[in-house]
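Trainee: Before we go through this model, could you take me over it one feature at a time, with the rule behind each term?

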Amino acid sequence: MKIERVRFEPLSLAAILALGVLFAIPLLGLFQDEEDLARRQNRALNEAPEWSTLVSEPSRFFAEGRAWLSDRALFSVDASVNYRKFKYYGLGDSPAANVAREGDLVLPIATDAANIDYVSVTGSCPAEQYWDQMTQSLTNGWAEINRVAELEGLSTFGVIVPSKPVLYADRLPRSIPSEIRAQCVYTAENESPAVRIADSFPDTLTYPLADFMAERDVDHFYPLENFHADGMAASRAAQSLIYLSSLEPFREPEFTIREGNADMEPALGFARRVNFQRPDYASAADRSNILDREVQQGARLRGNQISAFFNANAADPRRVAIIANSFGARIAPDVASHYAETVQINTNGMNRQTLIRMFRYLMDGSFDQILFVMHEPGYYNRVRLFADAMLEAISLEPDENAGARVADVSFGPVSFSEFDARGWLPPGQNTELRWSKGGRPAFIDIPRSLFGEGNSIQMRVRLFGPEVSDERWARILVCGQEDADITDRLNSSLEPQILEIEYDAECGSRMTIEFQSSEQPSGADLGLTQDRRQLGIRVDEIQRVSRR
Amino acid sequence: MVFSSVEFLFLFLPVFLIFYIALPALRNITLLAFSLLFYFVGEGYFLAVMLASIAINYVSGLFVAPGVKGRGPALAIGLTLNVAMLVYYKYIGFLAQDVFQLPANDWTTDVHLPIGISFFTFQGMSYLIDVYRGNARKEMSPFRLAAYIAMFPQLIAGPIVRFSTVANDLRRRVIRLKHVYYGLLFFAVGLAEKVILADTMAKVADAIYGRAPDELQASTAFLGGLTYSFQIFFDFSGYSAMAIGLGLILGFKFPRNFNFPYISQSITEFWRRWHLSLSTWFRDYCYIPLGGNRLGPSKTYRNLFLIFLLTGVWHGASWNFIVWGLWHGFFIIIERFGFSKVLEKMWIGLRVAYTLIIAYIGWIFFRAEDLTHGLQMLARHFAFSEGGASVWEFLDNETLIVLAMSFVLSTPVVLWASRGFIAPPAYGAWMKRNPMWKYGLGVALAAILIIVSSVKILAGTYSPFIYFRF
């Protein structure tokens with residue numbers, strides 16, 4: 001090309017150079033300490049793209065490069081934190097898409113900011129159509145737990161801790177769809193499955209919603225800014241549980257307002273100091289390293305799953321184990337103020353084998369009581385999970401009608417909102433089999449928002465049976481319409497089939513996949529388990545497939 | 001790669017600027033090389049499509065200039081190749097399946113749409129026609145023509161720049177401090193329009209249009225349309241302002257693309273204020289060659305109908321875009337038929353309201369996934385039942401503030417008010433003398449807008465420009 005006559009005024013040259021330098025400042029972030037950066041972002045940073053992909057897959061190279069650069073750009077963490085703070089404090093808004101806020105009431109509504117399915121709310125407020133099935137399943141599960149414990153000479157007690165969506169149902173943020181808010185109000189005001197099961201087992205299980213309701217407007221009771229019930233609410237839950245589990249009177253504590261960090265930091269994106277009503281016996285029990293190590297080694301658990309306490313002035317001289325999710329850590333100090341020895345085990349993220357091992361250890365005679373603490377969202381799943389693991393721990397077959405091992409998939413909408421970055425359900429959930437009972441339909445219900453444009457759902461499906469025959473049949477319906485191709489594939493082979501289902505626009509906002517099958521052999525017939533109930537279709541390894 | 005992304009703002013742009021000033025003898029080559037890289041980052045090997053477009057227009061351009069024998073057929077061949085490429089990549093699936101109902105096959109389904117193809121194809125065609133008409137000189141340097149067609153500031157979302165607009169600047173240009181000042185201000189204002197206004201509105205519009213229409217209350221359907229009306233304006237206007245700003249910093253003066261269209265008092269005026277580079281393109285290369293308004297009323301109406309049909313088709317291969325184009329065309333025709341005289345007698349507020357309602361209804365079809373969705377969303381505006389998602393599911397304080405800002409900033413009020421304080425970016429007499437402090441305030445404003453926008457971008461809240469798909 002002929003040399004062009006493009007000239008700059010000296011000042012314009014300096015100005016453009018200055019612009020170039022100023023815009024390049026975020027690149028200084030490439031020289032940051034990566035470990036520190038990863039710690040601040042609380043995740044692994046994206047790796048630099050492979051140079052070889054620049055030629056073979058340029059779009060992938062640049063997409064990975066974009067992610068790599070975005071992770072390291074100077075001020076990116078500060079910008080994110082400050083923008084969120086500005087939204088929270090400056091504008092009075094929720095700082096994240098998956099958190100709803102109205103005034104002081106802050107609550108998570110979804111696990112994934114990119115997929116707002118309100119599962120964190122609906123988990124506490126299930127639709128009424130599922131209540132009967134849930135109650136039945138809960139009743140069966142809790143009865144199994146009691147039966148196993150009785151056989152092992154233990155006593156078991158449980159508390160279902162009311163959650164914010166139910167406790168403050170009438171004050172939920174308006175950003176939550178009105179039908180979900182109405183569902184929560186209905187749950188709070190009527191005989192929900194939690195109320196019914198607590199009424200069915202008044203000696204072993206409690207759901208202190210009425211007690212919570214009476215005090216919910218006490219300053220910092222829950223507190224409103226926290227995800228977990230903490231402070232006074234946790235104390236009331238512990239009190240309610242100990243009222244069942246111990247003959248010794250629970251000492252009514254005094255409460256003092258103290259400041260602490262709200263546990264919503266991962267969702268909010270920044271730490272927030274709030275007030276809690278702390279009971280005066282918070283330090284009544286000492287942490288017991290000896291007991292902690294004993295349980296770690298005996299049950300082969302990780303140290304961060306256990307908190308052990310020793311109380312020299314306990315009202316009740318017994319040794320108890322609290323089996324819980326993350327909420328257990330809030331209630332454990334209250335329980336430890338009453339019992340001589342308390343071990344709290346957080347079962348979040350535990351796989352089935354670990355749970356079985358843990359129950360084997362707990363039922364070997366060294367504990368007097370097992371106390372189950374279940375936070376309201378998802379408590380029905382936990383009852384089933386615990387019952388199943390306890391049965392397995394003592395190699396006992398479940399009752400014919402128990403809802404433990406063979407999960408009733410039709411029991412409620414199975415929410416697949418928790419796909420991880422690779423499109424799979426998180427560890428622990430993906431391996432969980434979902435079986436339908438032979439002769440009964442099973443449903444998977446997936447919100448449209450989960451699919452996104454161009455995505456589909458892939459799953460491994462198998463119809464059980466020793467041979468292909470006319471008596472052995474399966475049918476799959478997508479939003480009420482039979483998918484003949486899938487049905488044919490499933491009927492013509494004994495092997496598991498990988499099925500890919502794309503979103504059908506006629507399904508509306510949710511896509512329901514219905515599995516129907518003939519009555520099949522039991523797990524015991526097939527030599528898989530000791531379970532003698534008839535199996536139907538097994539669905540597992542569900543993943544979202546991105547077409548992008 | 002979009003202008004409001006981390007990789008463009010903080011890597012591509014500074015590296016390019018430094019190369020641009022560091023290689024005095026190779027500034028157009030630098031511009032071309034970075035433009036090709038810009039496209040390659042976004043589209044990978046579909047860069048070849050753009051290179052083919054450049055080659056077609058360069059070779060055709062050599063044979064269409066006045067005085068060259070056989071230039072008529074050469075123009076026809078050049079234009080046919082341009083149109084054929086556009087039709088294949090953009091419309092083949094729609095034509096085969098929706099129009100001709102042919103069975104699906106690999107050649108008609110899953111055809112990737114190279115971003116910006118409508119823009120660079122129209123630039124190439126305008127080059128050939130201008131050279132043919134003698135309005136521009138044929139470009140002998142393939143690199144210079146490539147720099148014109150591929151120039152990254154306006155490559156993928158306009159404005160559509162005529163070759164004659166930049167031909168002289170490609171050969172010789174002097175970049176003065178005021179170019180940089182105005183360019184910076186344009187860029188900063190455009191970035192803020194996109195990141196602060198359009199993206200905030202997009203969150204609401206996308207969420208509402210992502211729901212089934214029968215799940216929405218009437219007021220929510222209206223909120224979706226309202227926020228989308230602001231989103232598309234600030235998104236596209238913002239991109240154009242950034243393109244113009246970058247062009248100025250590089251020494252080019254791109255044409256104005258928007259002039260506060262939402263204060264228009266008729267649909268005819270709306271199209272004199274909305275996407276000016278496209279409407280003038282259709283006027284100069286289609287409407288006038290078809291006879292314009294010189295052949296009597298019936299042919300004028302026919303020509304207007306065709307132009308707006310083409311305008312709709314240009315925006316996308318889908319019936320809803322065609323309906324959108326014809327919707328506007330219908331009102332242009334009835335205004336020409338005499339309704340404009342009725343409008344003139346109305347109070348100015350009613351005239352603006354009329355225009356906004358027509359434009360608003362058009363945007364419903366423009367935003368919808370397809371024609372059925374558009375009709376359902378429109379019908380939902382009149383469904384006054386209690387059920388469905390309320391507006392409060394989609395609004396928070398930030399959105400309300402940005403919505404209020406959008407109302408104000410879609411009018412020239414702030415521009416007029418700010419003239420007393422800062423030296424504003426200008427299109428016409430843009431070298432007009434201003435006191436130095438006004439430039440200082442202008443730089444301060446640009447810095448604030450860029451910093452605030454950057455915070456939002458770094459916080460991970462940006463979204464791509466929606467005009468890419470056209």
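Trainee: How many helices and strands does the secondary structure of chain A come to?
Mentor: Helices (H or I, at least four residues) and strands (E, at least two) are DSSP runs, numbered from the N terminus. This is a predicted model, in which local features need pLDDT of at least 70 and side-chain atom pairs count only at pLDDT 80 or more, while totals for chains, interfaces and linings use all residues. Residues are numbered from 1 along each chain as its sequence is written, chains are lettered from A and ligands numbered from 1 in the order in which they are written, and side-chain values use heavy atoms, with hydrogens and water left out. For chain A the secondary structure comes to 19 helices and 20 strands.

Trainee: And what does the secondary structure of chain B come to?
Mentor: Of the 470 residues of chain B, 59% count as buried, where buried means under 20% relative accessible area, exposed over 50% and partly exposed in between, with a 1.4 Å probe and protein chains only. One of the buried residues is C286(B), with a relative accessible area of 16%. The secondary structure of chain B comes to 18 helices and one strand.

Trainee: Which share of the contacts in chain A with a separation of 6 or more comes from residues 24 or more positions apart?
Mentor: Contact means heavy atoms within 4.5 Å. Of the 548 residues in chain A, 54% count as buried. Residues 24 or more positions apart account for a share of its contacts, at a separation of 6 or more, of 71%.

Trainee: What is the strand order of the open sheet of seven strands in chain A?
Mentor: Two strands pair if DSSP finds at least two bridges between them, and the pairing in this sheet is mixed. Strand 5 (205-206) and strand 8 (286-287) of chain A stand at the edges with a single partner strand each, so one side of each is left without a neighbour in the sheet. The order of the strands in chain A is 5-4-12-10-11-9-8.

Trainee: Which helix of chain A packs on the sheet, touching strand 4 and strand 5?
Mentor: The helix also touches strand 10 (316-324), strand 11 (339-346) and strand 12 of chain A. Its direction makes about 155° with that of strand 4 of chain A, where axes are lines fitted to C-alpha atoms, for helices over the stretch in contact, and angles run from 0 to 180 degrees between N-to-C directions. The helix is helix 12 (residues 232-245) of chain A.

Trainee: Which residue in strand 11 of chain A is the bridge partner of S307(A)?
Mentor: Strand 9 (residues 306-310) of chain A pairs with strand 11 of chain A in the antiparallel sense over five bridges, whereas strand 10 of chain A pairs with strand 11 in the parallel sense over seven bridges. Seven of the eight residues of strand 11 of chain A are buried, so it is largely enclosed by the rest of the structure. In strand 11 of chain A, the bridge partner of I322(A) is Q344(A), and the partner of S307(A) is likewise Q344(A).

Trainee: Is the disulfide of C125(A) and C184(A) right-handed or left-handed?
Mentor: A disulfide is a pair of cysteine sulfur atoms within 2.5 Å, and C125(A) is joined to C184(A) with an S to S distance of 2.1 Å. C125(A) lies in the loop between helix 6 (119-122) and helix 7 (131-151) of chain A, and C184(A) lies in helix 9 (residues 178-189) of chain A, 59 residues apart. Both C125(A) and C184(A) are buried. The torsion about their S-S bond is about 100°, so the disulfide is right-handed.

Trainee: Is E225(A) buried or exposed?
Mentor: E225(A) is found in the loop between helix 11 (209-215) and helix 12 of chain A. Leaving aside neighbours within four places in sequence, E225(A) is in contact with residues including D104(A), K164(A) and R272(A). With a relative accessible area of 10%, E225(A) is buried.

Trainee: How far apart in space are R101(A) and R174(A), C-alpha to C-alpha?
Mentor: R101(A) lies in strand 2 (residues 99-102) of chain A and is buried, with a relative accessible area of 18%. In sequence, R101(A) and R174(A) are 73 residues apart, while in space the C-alpha to C-alpha distance is 8.5 Å.
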